[in-house]
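Please open the model in your viewer and keep the sequence panel at hand.

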Amino acid sequence: GKSRFNLGCGEHAVLGNPLYLLGTSLARYRIVDGMRGIDYLASLEAVDPKRIGCVGNSGGGTLTAYLAALDPRIAVAAICCYITTLPRRMGNRIEADPDSDPEQDIFGFVGEGIDHAGLLALCAPRPVLLGTARFDFFPIEGARETFDEAKHLYQAADAGDRIERAEAAGKHGLT
């Protein structure tokens, strides 16, 4: 009924943190698993492989963001309670979100200067909705900043009308 590791996301840390020592990340394995799931889904007779959508919240929002960025079979995505800016998220870690979520962090991402707006730019011109929450531990200021930058990048790709953001007056969760 509760975590063996006394953290909300302790299992993520137990699996993910040792992978950083190997120069890789848990995110990598989750992304590949997600893509293999899309392979299976697309193989089903009842599924139109050109109309696959993806939605997720929190860790699911993380996976949705990466899948939509890296797998062109995702035709539309709703990424909820994940997108912010990495500097704001790292600054928020100690006080508001102390649990480690290594499945969210690709090894070397920050060092290479990559942030969430760049991740979203990889989705263009496919439609993306960002679901954000005003009182989330993923800082809303970062979500707003990232959306503005991603909107500009979508406009540069002549797809400015294909990215939107909804903001709930709530906490972390799919509202």
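Are Y82 and F138 buried or exposed? Both Y82 and F138 are buried, where buried means under 20% relative accessible area, exposed over 50%, and partly exposed in between, with a 1.4 Å probe and protein chains only.

Before the next selection, some conventions apply. The model is predicted, with local features requiring pLDDT of at least 70 and side-chain atom pairs counted only at pLDDT 80 or more, while totals for chains, interfaces and linings use all residues. Residues are numbered from 1 along each chain as its sequence is written, and side-chain values use heavy atoms, with hydrogens and water left out.

**The aromatic cluster**

Select Y66, Y82, F137 and F138, which ring pairs link into a cluster. Rings of Phe, Tyr and Trp (its six-membered ring) pair if their centres lie within 6.5 Å; planes under 30 degrees apart count as stacked, over 60 as edge-to-face and the rest as tilted. By this rule the count comes to three aromatic pairs. Y66 and Y82 form a tilted one, at 6.4 Å centre to centre and with 55 degrees between the planes. Because Y66 belongs to helix α3 (residues 59–70) and Y82 to the loop between β2 and α4 (86–92), this pair ties together parts that are 16 residues apart in sequence. Helices (H or I, at least four residues) and strands (E, at least two) are DSSP runs, numbered from the N terminus. Y66 has a relative accessibility of 3% and counts as buried; for Y82 the relative accessible area is 1%, so Y82 is buried.

Now centre on Y82 and F138. Their ring centres are 5.9 Å apart and their planes stand at 70 degrees, so the pair is edge-to-face. F138 lies in the loop between β3 (128–133) and α6 (140–156), and Y82 in the loop between β2 and α4, so here the parts tied together are 56 residues apart in sequence.

**The sheet**

Display the strands next. Four of them form an open sheet in the order β1-β2-β3-β4, with parallel pairing; two strands pair if DSSP finds at least two bridges between them. β1 (52–57) and β4 (163–168) stand at the edges with a single partner strand each, so one side of each is left without a neighbour in the sheet. On average, neighbouring strands of this sheet are turned by 15 degrees against each other, direction ignored, with axes taken as lines fitted to C-alpha atoms and angles running from 0 to 180 degrees between N-to-C directions.

Focus on β1 and strand β2 (residues 74–80), which run parallel and are joined by six bridges. V55 has A78 of β2 as its bridge partner. Then select N57, which also lies in strand β1. At 23% relative accessibility, N57 counts as partly exposed. Leaving aside residues up to four places away in sequence, N57 touches C80, C81, H172, G173 and L174, a contact being heavy atoms within 4.5 Å.

Move to D71, in the loop between α3 and β2. With a relative accessible area of 4%, D71 is buried. The D71 side chain makes a polar contact with the side chain of R73 at 2.7 Å. Such a contact is a pair of N or O atoms within 3.5 Å; within protein, one must be able to donate a hydrogen and the other to accept it, and residues adjacent in sequence count only if both atoms are side-chain atoms. Beyond four places away in sequence, D71 touches M35, I38 and R126.

Finally, select helix α2 (residues 26–43), whose buried residues are L26, A27, I31, G34, M35 and I38.

Conventions
The expected span of a helix is 1.5 Å times one less than its number of residues.
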